[in-house]
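Subject: Structure for your review

Hello,

Here is the structure I said I would pass on. My notes on what turned up in it follow below.

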Amino acid sequence: MAIYHCSVKTVSRSAGRSAPGAAAYRAGVCLEDARTGEVYDYRRKQGVEHTELVFPLGVNMERSDLWNEAEQAENRKNSTVAREYEVALPEELTPEKRLELVRAFAQHLVERYGVVADLAVHAPGKGGDLRNHHAHILTTTRQVTAEGFGAKTRVLDDKKTKEIENIRSEWAIMTNRALEKGGHEARVDHRSLEAQGVQRDPTQHLGPVATAMERRGERSERGDLNRGHAEDRAAQAELAQAEKVQAGAERMRVQAREWRMAQEQARQQALAAERAKQQEQERLEVERKNKEKEMVERKMAERREKSRSRGGMER
């Protein structure tokens, strides 16, 4: 049975995240954040089946340049630097057809919003659900042309536009079209269970903490909820808190790095002020000595003048 999943999330500095870090993790590569100097090395990450960049017409650049320029285009500490689309790929399709489907979806996002898309197809995690084929599409939050980064895609930030709902609907349409073309009866629906008239509790998205547990072969609360082995919804709040702590820890690392930079800047300013003070003192000392020298020379000249005056009177 095909499973529908299409979530849209943002990568924001306010959560202690960066575009190069997010891209490196999803693509399983090593990228350096030129803004902070931090290196994100995920080359040992397993399960990355395919990666590629999808560009608007006339645009082409390396992954590192793309996401560092995306960072440089934003000035605020709480800027949103990337947007992520996470989609479940139908297990019924072949790997080639799954790639064809998600590539078409990425192309749709690029053409509709004028952004660049960084596509990564991931295999199911070891020890997890073997049907969990999925993909991450990281896009810029600004339109990109041959001239560089342009306007923000504000239409995706405004709930009144219903663009996110349109995107979710488009993914369902494209998925069902691929399933039908492949001769499969399974279909997906982007609507809520209530809107579909289905009487059952929705499954819970695992999130990073529970996903990591499941991949290690450990049972997680959200995994048990989805398997029908737990009814206690307090487990959801506990996991949400764990994820919040993770984000908080990342924010603390960013704040600590900014504090160290501020301390170093203050130290350099203090050294510069001390050097300036020392130079001023040296200048004043030189002036004082010059004045003393002038005064001594003037007195000696006056003595010589008086001596000549007395010699003339005696003659």
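K162 is exposed, because its relative accessibility of 57% is over the 50% cut-off. This is a predicted model, so please read every value here as computed from predicted coordinates. K162 sits in the loop between β9 (148-152) and α4 (163-181). Its phi is near 60°, a positive value in a residue other than glycine. For context, most residues other than glycine have a negative phi. A positive phi also turns up just after α3, where G114 takes a value of about 75°.

Helix α3

Helix α3 covers residues 95-113, which makes 19 residues. From first C-alpha to last it reaches 27 Å, close to the 27 Å expected at 1.5 Å a residue. The buried residues in α3 are R98, L99, L101, V102, F105, A106, L109, V110 and Y113. An α-helix has 3.6 residues a turn, so residues three or four places apart point the same way.

R103 is 32 residues from A135 in sequence, while the two C-alpha atoms are 9.8 Å apart in space.

Aromatic pairs

How many aromatic pairs does the structure hold? There are two. In one of them, the ring centres of Y25 and Y42 are 5.1 Å apart. The planes of Y25 and Y42 stand at 85°, so this pair is edge-to-face. The pair links distant parts of the chain, 17 residues apart: Y25 belongs to helix α1 (residues 19-27), and Y42 to the loop between β3 (39-41) and β4 (48-54). Y25 is partly exposed at a relative accessible area of 33%, and Y42 is partly exposed at 29%. Y25 has a further contact to note: K45 lies over the face of its ring, at 4.1 Å from the ring centre.

The cavity

A search of the whole structure finds one cavity of 30 Å³ or more. About 40 Å³ of space lies in this largest cavity. Its lining is made up of A22, A23, R26, A27, D118, L119, A120, H136 and L138. The elements that give two or more residues to the lining are α1, β6 (117-122) and β7 (134-139). Of these, α1 gives the most, with four residues. By class, the lining has six nonpolar, one polar and two charged residues.

A23, one of the lining residues, also has a contact across the chain to report. The C-alpha atoms of A23 and A82 are separated by 9.3 Å, although the two residues are 59 apart along the chain. A82 is in strand β5 (residues 80-88). A82 is buried, because its relative accessible area of 0% is under the 20% cut-off.

The second largest pocket

The second largest pocket has a volume of about 400 Å³. It is lined by 19 residues, and R13, R35, K77, V254 and E258 lie nearest its centre. Which helix supplies the largest share of the lining? That is α8 (residues 234-314), with seven residues. The lining divides into three nonpolar, five polar and eleven charged residues.

Regards

Definitions and conventions:
Residues numbered from 1 in each chain as written. Predicted model: local features only at pLDDT ≥ 70, side-chain atom pairs only at ≥ 80, totals over all residues. Heavy atoms only, no water. Expected span 1.5 Å × (residues − 1). Buried < 20%, exposed > 50% of the residue type's maximum accessible area, 1.4 Å probe, protein only. Phe/Tyr/Trp six-rings, centres within 6.5 Å; stacked < 30°, edge-to-face > 60°. Lys NZ or Arg CZ within 6 Å of the ring centre and 35° of its normal. 1 Å grid on protein atoms, 1.4 Å probe; cavity = no way out; pocket = protein on both sides within 12 Å on 5 of 7 lines; lining within 4 Å. Points joined across faces, edges and corners; volume = space filled by probe spheres on them. Nonpolar A, V, L, I, M, F, W, Y, C, P; charged D, E, K, R; others polar.
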